[in-house]
Every structure is written in C-alpha cells, then in structure tokens.
Amino acid sequence: MTDAWRQTACILCSVNCGIEVRTEDGHISRIRGDRAHPGSRGYTCEKAQRLDHYQNNRDRLTTPLRRRADGTFEPIDWDTAIREVAERLVAIRDTHGGATIFYYGGGGQGNHLGGAYSGATRRALGSIYTSNALAQEKTGEFWVDGQLYGRPRCHITGDFARAEVAVFVGKNPWQSHGFPRARAVLREIVADPKRSLVVIDPRRTETAELAEYHLQVRPGTDAFCLSALLGVLVEEDLVDHDFLRDRTTNGETLFPALRAIPVADYCARAGIAEDLVRTVARRMARASSVSIFEDLGIQQAPHSTLNSYLEKLVYLLTGNFARPGTMNIHTRMAGLGGGKEGGRTSPVGGHRIITGLIPANVIPDEILTDHPKRFRAMIVESANPAHSLADSRRMREALAALELVVVIDVAMSETARQAHYVLPPPSQFEKWEATFFTLEFPENVFHLRAPLFPPLAGTLPEPEIHRRLVRAIGALTDADLAPLRAAAAAGRLAYAQEFLRLTGERPELAGLVPVILYETLGPTLGRGNEAAALLWGAAHTCALAYPESVRRAGFSGDGPALGEALFEAILTRRSGITFTVDEYEETWRRLATPDGRVNLAIPELLRELDELGTGTTTRDAAFPFVLTAGERRSSTANTIFRDPAWRKKDPAGALRISPRDAETLGVADGGRVRVTTVRGSAETVVEITDRMQPGHVSLPNGLGLSYPDDAGRSVVSGVAPNELTASEHRDAIAGTPWHKHVPARVEAVA
Ligand SMILES: Nc1nc2c(c(=O)[nH]1)N[C@H]1C(S)=C(S)[C@@H](COP(=O)(O)OP(=O)(O)OC[C@H]3O[C@@H](n4cnc5c(=O)[nH]c(N)nc54)[C@H](O)[C@@H]3O)O[C@H]1N2
Ligand SMILES: Nc1nc2c(c(=O)[nH]1)N[C@H]1C(S)=C(S)[C@@H](COP(=O)(O)OP(=O)(O)OC[C@H]3O[C@@H](n4cnc5c(=O)[nH]c(N)nc54)[C@H](O)[C@@H]3O)O[C@H]1N2
Ligand code: SF4
Ligand SMILES: [Mo]
C-alpha cells in the first residue's frame, strides 16, 4: 500500500532540501523535490533518491547493547541501560569531576533537535567540554570572524543567487552544495554574460569546469594565491576606499603588509599565471557584488586559519559586505556547537577552545596521558569520530583507554563498536527532527519535520534518552516540575509566565531547560511530538533577538505573541518556513565590534603572512604525492549511508590520479595501487583523470565502512581516509586537520 505524498527533508547535506515522499511497507518508495519548501523550492540533487538506504539497512540497531568482557555485545533492556550508564557516569563524576566526561557530536547533516537535549545531561553531570565536526573544519574560520567582526558567531554567508561574481575557494558546490539550489544557481551565473564564476581548486572540478576563471593552484598553496590577489588589489589600487574609510579600522596595520607581498613570486609558488591573478582581481573590483565561499579545500590544508583571513580580506578590501549579492551576517534559529565563545582552553594540552569546541585533532592527546585532568569518559551522539577524526588508529586507542564510552547512534558505526554501551534512537524519518543549519541571508529558513514511520521497536528518541538519564542521575524531580506541568495545562501564556518565574528563581535549573520543556510543555504538543518543546524556547529567543526580521517574514504580534506566532508556524507548516527576512543594513547592526566597524588587522596572522615567503616547501622524498583524503563526490554522504549498495557510480571509491602519474607508475584505469602515509597504508582502485594535476591524488570521504553481506559477514568497502591521516598534522591556531594535504607515496600493485 502506498500512501499520500508527505513532506520531509533530505538529511544528506547541510542544505536539507525539502522533499515529498511516498512510503510503502516501511520503505521510502518515491521521492521528489518539495516545491512548497521555501529554501529549495522543488530542487534536489540525485543523492536524495537513495534515502531508503539510510532508513532501511542491516546496521540499524533495535536494542541497547552492552559490551561483554570478550569485546562482543549483548542486548540489554532500556531500564538496565539507563541505570548502568547513569551510575557509571555519576561514579566518574564523583571520583574525577564532571569535567572529565567529554561529549562529542550532537547531530549530523540532518538532525540537531535530538542532540540539543544533551545539554541537560551534560549539565546534570557537570560535563563542560564538548566538540563536534565543526572543530575539524570551521573553527579556524569562526576564530577569524571573531577577530574581524567582534564575535566568532558573527557568521558570514554569501548571497550567490544575486552575486555578480561568485568565488569558490577549496569548495566544489556542484557536488557538495553548501547553499540552496546550488547547481541551479551555478547554471544561472554561467548563463549570464554579465556575471562570472571563479574557482580556486587544484582539481578541475565540476564547478571549475563551468567557471570563467579557474585558478588551478598547486595543492596547499592558497595562502600564496590569496595573498597575490590581495597584493594586486592594493598595488593596482582596486580597493574600495569609501568602504575602508567609513567602515573599517586598523587598515594602517594591514596595508603595509599587503604592499610587501611579492605578487609575481607568490603566483609562481601557487603555480598560476600572474596575468590570470590580475584579471581575476580586476574582475572582482569591477563587479557590483562579489560573494565568496571558502570550504574544506583551504580549511583542511596548510595555513588554514590564515587562508580564512585572506579570503575574507578579499571581499572586505573590495567592499563586498552588507549589500545585495555580497557577504552578510545571518540570523539563526539556534546555535550549533557548545558553550561559550572563547577564553577557555583544553584541560590537558591548553589548546584554544573556539565556539565552545575542543580542537578535533587534539582529542586523543586529551585522553592518552596520565594527566589528572584527562578525559575519562566520552558520550558520542550522532557522530562517528572513530572514522571521521584524523588518525583512526590513535582514536581507537584513545577510546579504548577511556573508562566509559557511551554511543547514541542508529547504526553499529565504527565508533559504536568501541563503546561500552550503545543506545539506539529511531531514524530521522521516525521522529520529529530539524537541523540548526540556518545559514542563509536575506531569507532564512527553518524546517521541523514530522515522522514518516513509527519508531523501530526497541529504540528511544534522543530527547527521551536524555530525559531518562537526567532523571536517573537525580538532577530533576517531579516536585521541580509540578508548577510548570500545572501551568502548561492552563495554556502557553500561563506556561511562559511560570517558566520565567521558575528559571529566574532557580538559576540552577537553567541548564536543564531542554528536559524541563520536554517533560512539561512537551506533552501538550501531541504524542510523539514532545521533542518540539525545545523549539518553543528557540522561537521565543529568535523573536526577541530579531523582531523586525521575524515580522518581515510575515509574523505579527508584540513581545511574547511574536514568538508564539513563530512557534505555531514551525509546528504546523510541514514544508518549513521562512522565519526571518533581513534588510542588508542588518549586517551592520549584528556586527559585534565595540566601534561598529570591521577590524582589518589580526596580528597573529599578519606575522604568519609576513613569514610566508621565508618558508620552504621541502617535501619528504619518501612521500612525493599530496593526497586529498576525503573528496565529496556524487557517491559520498559522510557516513550517513552504511550500505555500499547506495553507490551506483564509483562503487569502490577510486583514488583519482593524473594520466602522467598513472603512466609513470605503470598503472591502468581500474588498476590497483598502494597508498602509504606516515600513519598507514591502504590498497585502492584508481581512476585516471585529467581533472587531477600531476603530484596530486584524491580519495573520497565516507568510505571504508564495514557492512554485513547477505551471509552476515562484515565487509569493508573502499578506503577509510583517516587510517591515513595523522593528528599532529593540524592548524596551529584552531587545531583543525589538514585532511586535504596528506604527504603520501603511491605504488602500483601487481
Ligand atoms: N556529495 C557530498 N556532498 C557533501 C558531503 C558529502 O559527504 N558528499 N559532505 C558535506 C560536508 S560535511 C561538508 S563539510 C561539505 C564540504 O564541501 P567541500 O569543501 O566542497 O568538499 P571537498 O570535496 O571535501 O573539498 C572541496 C575541494 O577542495 C579541493 N582541494 C583540495 N586541496 C586543496 C587545496 O590545497 N586548495 C584548494 N583551494 N582546494 C583544495 C578539492 O579538490 C575539492 O574539490 O560538503 C557537504 N556536502
Ligand atoms: N579524512 C577526512 N576526514 C573527514 C573529512 C574529510 O574531508 N576527510 N570531513 C570531515 C567533516 S567536514 C565532517 S562534517 C565529518 C563528518 O563526520 P561525523 O561528524 O562523524 O558525522 P557522520 O559521518 O555524518 O556520522 C553521523 C553518525 O550519525 C548516525 N546517525 C544518523 N542518524 C542519526 C540519528 O537520528 N540519531 C543518532 N543519534 N545518530 C544518527 C550515523 O549512523 C553516523 O554514525 O567528517 C570529517 N572527517
Ligand atoms: S543538495 Fe544536499 S540536501 Fe539537497 S538533495 Fe542533495 S544531498 Fe540532499
Ligand atoms: Mo563537514
């Protein structure tokens, strides 16, 4: 029996396109873009068609698991699981302090609502250190935002649908998306003779192929390329003087550094013709608007944080800020990542914590030590760090050294295999879910998805897991909740008043708010829909923070009524809502510098810029290749799909290599090679392609997962990229990995 079309979203990348699906016998049988979704408006890419491989696969878990002494797992019931996990966490807290309980994850590409409830568990335990995947990509950029704009959470976004010139630096949006309707927008830019597409990437990517200008840098040389662009802007006086004078400070510190850039030399080091760099600088300066997207190609490569700074200087020097088609500070429905923005360091190594996140690459160092403040326990939720963090071998050692590892995951992931307890939630199509990837400007979209299927028997949604843990820990009692329960029965206005009174009088409850909302407001929202209770708080916070933008999005009311109107729309509109509409001037109001201007000078990075030319790029002769470990392809989606059958193209996850290198190695297309790095070695199939430049090879991300075959035997397909990466290979400021730039040796296999 097929049912009617129902609205949900694709959970495979941060764009979360709205989709409509029909289901049949527990399967997602038909999928099409949802035209009513305000962000994607009917758009999807081909990957969404494969979503049933996530919903139905052999690795789905249907009971809590406990590890036996021999390393195998036994099923246990939920009461036992919650009781034992709570007891063991409390014992670690009481012996070593709650700070030794480390939390990782909280959501993947489609789910942050469930993970948001973990805040209460952490508060109940006194756990204060967290991290997630943002700390292996975006924290360097966030830190730069903090320096330029006053707060790391002044997050800037491009306006590609309107930009005259769109620039992608280490970003391949044709495959990885990153903004709504990416391929349609790229095609529009290319079709319009008045607009230009610029790509900076060592590979001739699908996006580069479309581009008018492709700066095909040598891998790892973006700091030179971006510096050269800045050098030309200054030398040829292509900067926006009015913008710089009226809107920025500390130009007098920055400009001498930019004037000193040896443009010709840096172009040569980056391997690009100086003419092309000059042409691109002039094109940007001439444009009425430029938007730039930096992504993993520079954030996970040498000089990563410096790269982010230089990229931002390119649009700032040309005045591409706070106007249509340029870079703006967006609203948000709720924050991603944990805790305070700055000022803290990691307990063992003293590494800088950015937006509340421990740098990804130092996590094993914070465990594998006899330091008294080392992490003793880890709660992992909706993340697969044993696979996704650098240096998987070392990460497994670190997990093995912990007294307790608790994993909350739908599947028997690489990380779950290392756990003492595995707690399975329903899939993202079996519960209310949402992401907090609300990253757009001027229109920003939020989408609460309703479940398509009943939860798989034996699972409990994350909010319920956290509720039970908080209760088992003893942090919250029925007496605490009684007044709110009574108020909830009297309606949301009464609830709001009582909520403010209670959290005002008992500030110690503030950290437990997610579970408090779930237990008291949740039941009034409908059965199974309790998780949406957190969004009541988020909607009110959002309406308070951006009242004008929320009104422009069509919501009315003053004070709490505005928040209620927003919440009501979130709850009832199944295709998602535009929750804010911004005027470009808002960007200036959101800037958090004391003087309301952009600060152009970051001394720490200006020193690195100054020394850029003196560094030599001597390469270890044992590792003559640069390996990009983790390229986004049409056949990759992090580790959300575990069943390799979802991949129609590129089933083996081939290593891409240039024709010249293939010839030198004596390997044919489809032949096999061994890739060796300082950390490990793996065999793989090759794909020979002239999209690669000589000396550069590239492996896809998300492969190397084990999955049971028809007979139940575990089979690993493809290369797990982090068996080849090293944790010491990282950015000095942000501790982010250099996955895109791994020195490697490649040898043909007979
Ligand atoms: N299909 C697909 N889409 C995805 C995902 C997925 O798994 N599959 N994952 C999602 C996630 S979590 C993220 S963070 C985004 C990431 O999205 P992207 O950052 O676009 O993805 P990557 O392919 O990892 O890296 C981008 C480009 O960096 C280039 N690169 C490598 N070395 C260098 C260098 O030294 N300099 C420059 N300039 N470029 C370099 C690579 O050739 C590649 O084309 O994608 C999201 N979208
Ligand atoms: N070498 C290399 N490493 C990389 C990268 C690279 O380019 N190269 N890219 C990095 C980047 S940008 C990212 S974002 C990370 C991604 O890596 P991770 O952050 O570890 O995320 P995913 O691979 O998406 O894993 C998500 C996990 O969530 C589980 N899951 C799915 N749905 C649910 C649910 O509803 N509830 C719960 N509790 N769990 C669920 C899945 O089974 C899976 O185990 O990888 C990083 N690692
Ligand atoms: S662009 Fe991203 S969210 Fe949209 S269909 Fe493709 S993978 Fe899914
Ligand atoms: Mo990512």
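**Helix 11 and its cover**

I began with what lies over the buried residues of helix 11 in this predicted model, and the cover turned out to include helix 9 (222-235), helix 10 (241-247), strand 12 (248-249), helix 15 (304-317) and helix 26 (603-611). Helix 11 itself runs over residues 251-259, and its buried residues are G251, L254, F255 and L258. Looking down the axis of helix 11, I noted that these buried residues fall within an arc of 95 degrees, so they line one face of the helix.

**Helix 5**

I then turned to helix 5 (residues 139-149), which is mostly covered, with ten of its eleven residues buried. I listed the buried ones as T139, G140, E141, F142, W143, V144, D145, G146, L148 and Y149. For their packing partners I recorded strand 8 (156-157), strand 13 (290-294), helix 14, helix 15, strand 20 (598-599) and helix 26. Helix 15 and helix 26 had already come up among the elements that cover the buried residues of helix 11. Just after helix 5 I found G150 with a positive phi of about 100 degrees.

**Backbone entries**

H303 is placed in the loop between helix 14 (296-299) and helix 15, and at 23% relative accessibility H303 counts as partly exposed. N638 is placed in the loop between strand 21 and strand 22 (655-657), and N638 likewise counts as partly exposed, at 29% relative accessibility.

For the peptide bonds, I noted that the one from F441 to P442 is cis, with omega near 0 degrees. P442 lies in the loop between strand 17 (421-423) and strand 18 (443-446).

Is V626 buried or exposed? I looked it up in strand 21 (residues 625-631), and V626 is buried because its relative accessible area is 4%, where the cut-off for buried is under 20%. Setting aside its neighbours within four places in sequence, I found V626 in contact with P219, R619, G695, H696, V697, K740, H741 and V742. For one of these, V697, I checked the separation: V626 and V697 are 71 residues apart in sequence and 6.3 Å apart in space, C-alpha to C-alpha.

I next took A621, which is placed in the loop between helix 26 and strand 21, and found that A621 is exposed, with a relative accessible area of 73%. The C-alpha atoms of A621 and R691, which are 70 residues apart along the chain, are separated by 25 Å.

**Ligand 3**

Where does ligand 3 sit? I found ligand 3 in the largest cavity, and I listed the residues around it as C10, L12, C13, N16, C17, T44, C45, K47, A48 and H177. Sorting this shell by residue class, I recorded six nonpolar, three polar and one charged.

Definitions and conventions: Residues numbered from 1 in each chain as written. Chains lettered and ligands numbered in written order. Predicted model: local features only at pLDDT ≥ 70, side-chain atom pairs only at ≥ 80, totals over all residues. Heavy atoms only, no water. Near = heavy atom within 4 Å. 1 Å grid on protein atoms, 1.4 Å probe; cavity = no way out; pocket = protein on both sides within 12 Å on 5 of 7 lines; lining within 4 Å. Sits in = over half its atoms within 2 Å of the grid points. Nonpolar A, V, L, I, M, F, W, Y, C, P; charged D, E, K, R; others polar. Buried < 20%, exposed > 50% of the residue type's maximum accessible area, 1.4 Å probe, protein only. Helix = DSSP H or I, 4+ residues; strand = E, 2+ residues; numbered from the N terminus. Arc of directions from axis to C-beta. Contact = heavy atoms within 4.5 Å.
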